Amino acid sequence: MLMHLLFPTQKKNSMDNLCFYVFGVITFFNMEMLFIASQDILSGRNLPTATILVCYVTPLMITKIFAPWFVQRISYLVKVSFIALWMMLGMALIVFVEDIRVKLVGITLNAMAAGMSEVIFLALTSFYPQIAISSFLAGTGSASLISQLYYTIFIGNGVGLSRDQQSIKKGLQKIDSHLTANEGVSYFRAGVTTWSCAESPKTAIMIVIPLPLSILVSYAMLDKGDISNGEGLGTKVVKKAKYTAVSMDELLIPSQRLSYGEKFRIGRKIICFIIPLFFSFFAEYLANSSVITTIAFPNSQVLPRDHFLYYSLSYCTGKFLGRSYLLLFAWLSKDLTEFLFCDRTWIFAVLEIVLLIFFLFQSWYHFVSFIWIIVCLCFTLGLVSGMIYLHSPHAVARHVEPEEKEFALGLITVGNSVGAFVGGLVGLIVESYLVENCVAQFSNSKEFCFTRHKNTSGWGSNIHCSQ
């Protein structure tokens, strides 16, 4: 029966899976891009990087805690429209208003929309074969990679030091902007200074403001024949109804009438999956927002700010693979996919905590000499975090009864949101403490103790193309 749920044969499921994939991409596209752009948004401001994270995960956490208890009573069309509207409004505030407080309000609106979107669409998968879960989660992983590539390529991140950036490190030997390959300078280290010289970070974000409208388009294309929209919850009595044969998928449509006592019972049943998610996201977000931002290498000929983007690109690539590989194997081998399911999600959480400890020691003692070692470890962090996010909903779906799935799949997101929130709060203190220690130990290269621009030019212009 599990294979029947994972690999349905109806042609209509291909379109449904595509729709859920789009739901996943749009749910986290803005979120991932804002995290990547956090150093640019905060350019020239004496605020911890975790400020962006806390402003995002706080409303995200509140939304995920309370939304599962009442959103089932609201029409899915209303919920989807709300998500698209608030995402676009939030991005508009970030782009068109210069006051940092208003920008943070825009981030808050995006967080509320993303939290609602994750709860709603994971719950919506309960009306479809289980492969819909993999499709949605693969979309969330793709969002991290697509947004990273879009932001990185669009604004032009320097691979080497460009002409106007040589002075950032006084201890570095001056590089002539007209050096050629014949002078012994490698193409990577000096020749390639930008990926593109398109526009500023501000413009890059402005272009994607209408993107959430694709949620409405995808919802319109979704086969909604079996969805309960929360209208008149309960069983409809139909007189003189004709009985017809139904498929297994139709038999597994969950009931919507759950009392609060039943919901609390379901919560206790899945707490063993919520707790590992908490520790996983705590380690992941603390490392990304407040620890790797203090790790840079003067001998790498990479700008301090660009260290953060390389770390993020590597991390997002790993997260994409971690969240998507089950869907890829589902198309290749049914038996192998069933073998790959893992209910012991605590293993992934332990691995992430180990990686966090390593990053903390690296930031404090700087015993690693090469940037690419940290880049590879960021990839591993993303891979493991993606795997726990992928396996947890699948484990929950197999752990609860069919009529409990819609609520359970929405509730499990509480673990990751609370973990990210706590990680952000801790990061507000940890980052500044690590930076102070680095400056005290390495005063000659203190500009490499923090991966951020020192002035606001990093937000309104492309520093890799400025003259």
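Guide: What follows is a conversation about a predicted model, moving from the overall fold to selected details.

Visitor: How many helices and strands does the protein chain have?
Guide: The protein chain has 20 helices and zero strands.

Visitor: And what share of the residues is buried?
Guide: Of the 467 residues in the protein chain, 57% are buried. Regarding contacts with a separation of 6 or more, 87% are between residues 24 or more positions apart.

Visitor: Which residues have the most contacts inside the largest nonpolar core?
Guide: They are Phe23, Tyr56, Phe121, Leu124 and Ile270, in a core of 94 residues. Helix α6, residues 100-124, gives the most to this core, with 13 residues.

Visitor: Let us take Phe121. What is it in contact with, apart from its neighbours within four places in sequence?
Guide: Phe121 is in contact with Phe20, Phe23, Thr27, Val80, Ile83, Phe136 and Ile215. There is also a second, separate core of 22 residues, which includes Cys316, Leu356, Phe359 and Leu434.

Visitor: Leu434 is in α19, I think. Which residues of α16 does that helix meet?
Guide: Leu360, Ser363 and Trp364 in α16 meet Val430, Tyr433, Leu434, Asn437 and Gln441 in α19. The two helices, α16 and α19, pack at an angle of about 35°, and their axes are 8 Å apart.

Visitor: Where is His366 found?
Guide: His366 lies in the loop between α16 (346-365) and α17 (371-399). Its phi is positive, about 55°, although His366 is not a glycine. In general, most residues other than glycine have a negative phi.

Visitor: New topic: how many cavities of 30 Å³ or more are there?
Guide: There are seven. The largest cavity has a volume of about 220 Å³. Among the 16 residues lining the largest cavity, Phe35, Ile36, Asn288, Ser289 and Phe308 are the closest to its centre.

Visitor: Which helix supplies the largest share of that lining?
Guide: That is α14, with five residues. At least two lining residues come from each of α2 (12-36), α4 (50-66), α13 (271-291) and α14 (304-332).

Visitor: What classes of residue make up the lining?
Guide: The lining of the largest cavity has eight nonpolar, five polar and three charged residues.

Technical notes
Residues numbered from 1 in each chain as written. Predicted model: local features only at pLDDT ≥ 70, side-chain atom pairs only at ≥ 80, totals over all residues. Heavy atoms only, no water. Core = buried A, V, L, I, M, F, W, Y, C linked by side-chain atoms within 4.5 Å. Buried < 20%, exposed > 50% of the residue type's maximum accessible area, 1.4 Å probe, protein only. Helix = DSSP H or I, 4+ residues; strand = E, 2+ residues; numbered from the N terminus. Contact = heavy atoms within 4.5 Å. 1 Å grid on protein atoms, 1.4 Å probe; cavity = no way out; pocket = protein on both sides within 12 Å on 5 of 7 lines; lining within 4 Å. Points joined across faces, edges and corners; volume = space filled by probe spheres on them. Nonpolar A, V, L, I, M, F, W, Y, C, P; charged D, E, K, R; others polar. Axes fitted to C-alpha atoms, helices over the stretch in contact; angles between N-to-C directions.
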